[in-house]
Every structure is written in C-alpha cells, then in structure tokens.
Amino acid sequence: GAAKRADGLAAAGDADAAYLRERVYAPCVSRDRATAATSGQWMTERTGGSDVARTETLAVPVRDARTGAHDGRTYALHGYKYFTSSVNSAMAFALARIVDARDAR
C-alpha cells in the first residue's frame, strides 16, 4: 500500500518526487534487509472502519507562526484511529481528509 501510494505521487509529478522514490518507495520494495523498511497504515475509525468517504480524521495545514503561510507539506492530524497494520513499522500512512477553506469548522 505505502509503496504504491508513494510511487503514484512521484509519478504524478509531486514536488517531492525524488524524496518519495528514494526514502519511501525504494525501502518498501527492497529485498535487501539492510535497506528494506516496513510500513503501517492507520485507517480504521470507529464510525466507518476504513471507508474513505466516512473518514472523520482531519489533516489540518500547519502554518508558519510568523508568516501564516502553509508549505503544502506539513499537516497536523486530528482524529481517532483504533487499528494499524503494523505498530512497529519504520513509516506509516494515515487516512485523513485535508481541511481547506470549504471546511469552516
């Protein structure tokens, strides 16, 4: 899951494509114990399981304290997950809905 997502973002021209391929994708698909990494997925919620349409966890943009600008990469997660596929993994992906101007909460 994590490898496929990282590869998809890199292929789509994500600004951090090189980073994603080198630091996320490559370790997930490596067969070399020295460079291989495991990945957990934090998706399951009380209300909808892992139903993407019903996720209540929010990814809130973290803004620079001085300028108020968002770098497009940093988010704070707000929500509750009660299951992960690997709690001791080297990296994790979390299912969350990005908060934007339409989410006046």
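Predicted model: local features only at pLDDT ≥ 70, side-chain atom pairs only at ≥ 80, totals over all residues.
Strand 1 pairs with strand 4 in the antiparallel sense, over 2 bridges. Within that pairing, tryptophan 42 has threonine 84 of strand 4 as its bridge partner.

The loop between strand 4 (83-84) and strand 5 (91-94) contains serine 89. Two polar contacts of its side chain can be followed. A polar atom of the serine 89 side chain lies 3.1 Å from the backbone oxygen of serine 86, and the backbone nitrogen of glycine 40 also has a polar atom of that side chain at 3.1 Å. Leaving aside residues up to four places away in sequence, serine 89 touches Thr38, Ser39 and Gly40.

Turn now to the charged residues. Side chains of opposite charge can pair when their charged atoms come close. The count here is 1 salt bridge. Glutamate 45 forms a salt bridge with lysine 81, with 2.9 Å between the closest N and O atoms. Glutamate 45 is in the loop between strand 1 (39-44) and strand 2 (58-63), while lysine 81 is in the loop between strand 3 (70-78) and strand 4, so the pair ties together parts 36 residues apart in sequence. Both glutamate 45 and lysine 81 are buried.

Methods:
Residues numbered from 1 in each chain as written. Heavy atoms only, no water. Helix = DSSP H or I, 4+ residues; strand = E, 2+ residues; numbered from the N terminus. Polar contact = N/O pair within 3.5 Å; in protein donor to acceptor, adjacent residues only side chain to side chain. Contact = heavy atoms within 4.5 Å. Salt bridge = Lys/Arg side-chain N within 4 Å of Asp/Glu carboxyl O. Buried < 20%, exposed > 50% of the residue type's maximum accessible area, 1.4 Å probe, protein only. Pairing = 2+ DSSP bridges.
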